[in-house]
Amino acid sequence: MISDALWLLKRQSFLIAREQVLMHLIKTADNSVPDDKEIIEEITFARPTGESVQMTPSQSSKTEYIALNLELLRSGEVDVQERKAENWHKELKLIRNWLSILEAALLVLTPEEQALVNRHFKEGKSLEMLSQSPLLDTVRSHSTLKRMLKTIIRKVNEVISEEESHHILPRV
């Protein structure tokens, strides 16, 4: 579990974008397995180099090699795609967990703190720039915004901490 709120806040936009890319990759993965014609063309037009010049123990032609090993080559391509898709699913699950944790942690923030998080971390605006315009209804100084960020990070860290929260559990 992530215990660094600042890392999570800074990476939120990246995580959302990566989630979308992974969903697209997974969705299109089924269509990306090459058919027999593509496998045959790939091997036929490949330039053998070094140790790969001899494809089989005997000196057979590429055509014979392809004909005898097409099923093996096809299953190898499918295995590669399945491993990629499995890794994408694992990464997507992890990213969704992080985003879910962050979303839950942001619930403890005030509306003004949430506005600061959105404008500073999601939109990438500097504290200097944010001190020039109101967050919600009030313009805050640079130093006040800095203190607000420290408070936000502390609050988010408390929520996402893996340790028992002694301040919310009843004493027995």
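Buried denotes under 20% relative accessible area, exposed over 50%, and partly exposed the range in between, with a 1.4 Å probe and protein chains only. The model is predicted, so local features require pLDDT of at least 70 and side-chain atom pairs pLDDT 80 or more, whereas totals for chains, interfaces and linings use all residues. Residues are numbered from 1 along each chain as its sequence is written, and side-chain values use heavy atoms, without hydrogens and water.

**View 1. Overall fold of the predicted protein.** The protein contains 6 helices and 0 strands, where helices (H or I, at least four residues) and strands (E, at least two) are DSSP runs numbered from the N terminus. Of its 172 residues, 28% count as buried.

**View 2. The salt bridge between Glu 91 and Arg 18.** A salt bridge places a side-chain nitrogen of Lys or Arg within 4 Å of a carboxyl oxygen of Asp or Glu; by this rule the count is 7. In the pair of Glu 91 and Arg 18, the closest N and O atoms are 2.7 Å apart. Glu 91 belongs to helix α3 (residues 62-105) and Arg 18 to helix α1, 73 residues apart. Glu 91 counts as partly exposed because its relative accessibility is 28%; Arg 18, at 24%, is also partly exposed.

**View 3. The surroundings of Glu 112.** Glu 112 forms a salt bridge with Arg 140, with 2.8 Å between the closest N and O atoms. Glu 112 lies in helix α4 and Arg 140 in the loop between α5 (127-130) and α6, so the pair ties together parts that are 28 residues apart in sequence. With a relative accessible area of 16%, Glu 112 is buried, whereas Arg 140 is partly exposed at 28%. Leaving aside residues up to four places away in sequence, Glu 112 touches Leu 135, Leu 136, Arg 140 and Met 148, contact meaning heavy atoms within 4.5 Å.

**View 4. The salt bridge between Lys 155 and Glu 113.** The closest N and O atoms of this pair are 2.8 Å apart. Lys 155 in helix α6 and Glu 113 in helix α4 are 42 residues apart. Lys 155 is buried at a relative accessible area of 19%, and Glu 113 counts as buried at 7%.

**View 5. The contact of α1 with α6.** Ala 5, Leu 6, Leu 8 and Leu 9 in α1 meet Ile 152, Ile 153, Val 156, Asn 157 and Ile 160 in α6.
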